Amino acid sequence: MYDNYNRHINYLRISVTDRCNLRCVYCMPAEGVNILSHSDILTFEEILQVSKTAISMGVDKIRITGGEPLVRKGIVDLVEMLAQLPGLNDLSMTTNGVLLSKYARPLKEAGLHRVNISLDTLNEVKYTSITRGGKLSDVLEGIQAAREAGFHPIKINCVVQRSSDEADAGDVAAWCKKQGLEIRFIHEMSLTEGHFSVVEGGSGGDCSSCNRLRLTANGKIMPCLFSGIEYDVRALGAENAIRMAIENKPACGSTNMSGAFYNIGG
Ligand code: SAM
Ligand code: SF4
């Protein structure tokens, strides 16, 4: 489907959980978050139903995200069901990589096409501090497992405060080059100010060509990360919610109202 600004909407990002095994400083508050209750989270059947409807309306690209998608119980089964949907050309996942050494192969076998893995620094101490407790070696092992499982290309998401010139980003970039991994730099968005930001070396941030819709873990279709507009698939039905989101997708976003990425999936 085309929106009012003649953008072809063909990409759906699905947040499958608001829970996470890390607590990155730029994503979640230190004291933790009010997680959604189990009944608020869409079931696999509901996610599949929304996905099928979205595909029938022109979506051919789906990205699974979170929270951390690999902490959702049964995630490999969900990937397998999504991968079999006719009309879906690209199925990818954004993960912090911590659990990938366990899941990379099953995900590949289930039909996942691509992974993006988040990594902001190669310094163990800094990694633990940014993620409030994560272990760098878990991610590095996860990346290795993704390569061995045959994922290609593997993209690394690297959050930078101001620019990709920062020392940690430079180290990650050099390491990626050596390892044959692609890197994208994401400008850190302040959770309190929530201003719009761009992505270097990847899509995102260019409103005039934005082809995305988002489905939150609790079933809201959001046409734009930087506006508060959302439509509830449970209340409206998937088709209406998607149609209304496309019809009301803003020309350009301004401010992120939610103050959190873990529910909407970044
Ligand atoms: N847990 C997974 C991960 O970290 O890759 C998927 C969800 S996470 C919300 C998706 C992406 O959003 C990650 O690459 C993360 O670095 C990025 N992100 C989270 N908070 C952000 C913020 N305040 N500004 C910019 N990017 C952010
Ligand atoms: Fe978890 Fe990803 Fe947010 Fe970090 S950025 S706290 S890994 S959801």
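I started with ligand 1 and found a backbone N or O atom of Tyr 26 at 2.8 Å from one of the ligand's nitrogen atoms. Next I looked up Ser 118, where a polar side-chain atom lies 2.6 Å from an oxygen atom of ligand 1. For Asn 157, a polar side-chain atom is 3.2 Å from an oxygen atom of ligand 1. The protein covers 94% of the 540 Å² of accessible area that ligand 1 has on its own (Shrake-Rupley method, 1.4 Å probe).

This is a predicted model, in which local features need pLDDT of at least 70, side-chain atom pairs count only at pLDDT 80 or more, and totals for chains, interfaces and linings use all residues. Residues are numbered from 1 along each chain as its sequence is written, chains are lettered from A and ligands numbered from 1 in the order in which they are written, and side-chain values use heavy atoms, with hydrogens and water left out.

I counted the shell of ligand 1 (a heavy atom within 4 Å): 18 residues surround the ligand, and Gly 67, Glu 68 and Met 189 are among the closest. Strands E3 (90-95), E5 (154-160) and E6 (182-187) each supply at least two residues of this shell (strands are DSSP runs of at least two residues).

I then listed the residues around ligand 2, among them Cys 20, Cys 24, Cys 27 and Gly 67.

Last, I checked Asp 90 in strand E3. Asp 90 counts as buried because its relative accessibility is 14% (buried means under 20%, with a 1.4 Å probe and protein chains only). Its side chain makes a polar contact of 2.7 Å with that of Arg 114 (N or O atoms within 3.5 Å, one able to donate a hydrogen and the other to accept it; residues adjacent in sequence count only if both atoms are side-chain atoms).

Notes. Helices (H or I, at least four residues) and strands (E, at least two) are DSSP runs, numbered from the N terminus. Buried means under 20% relative accessible area, exposed over 50%, partly exposed in between (1.4 Å probe, protein chains only).
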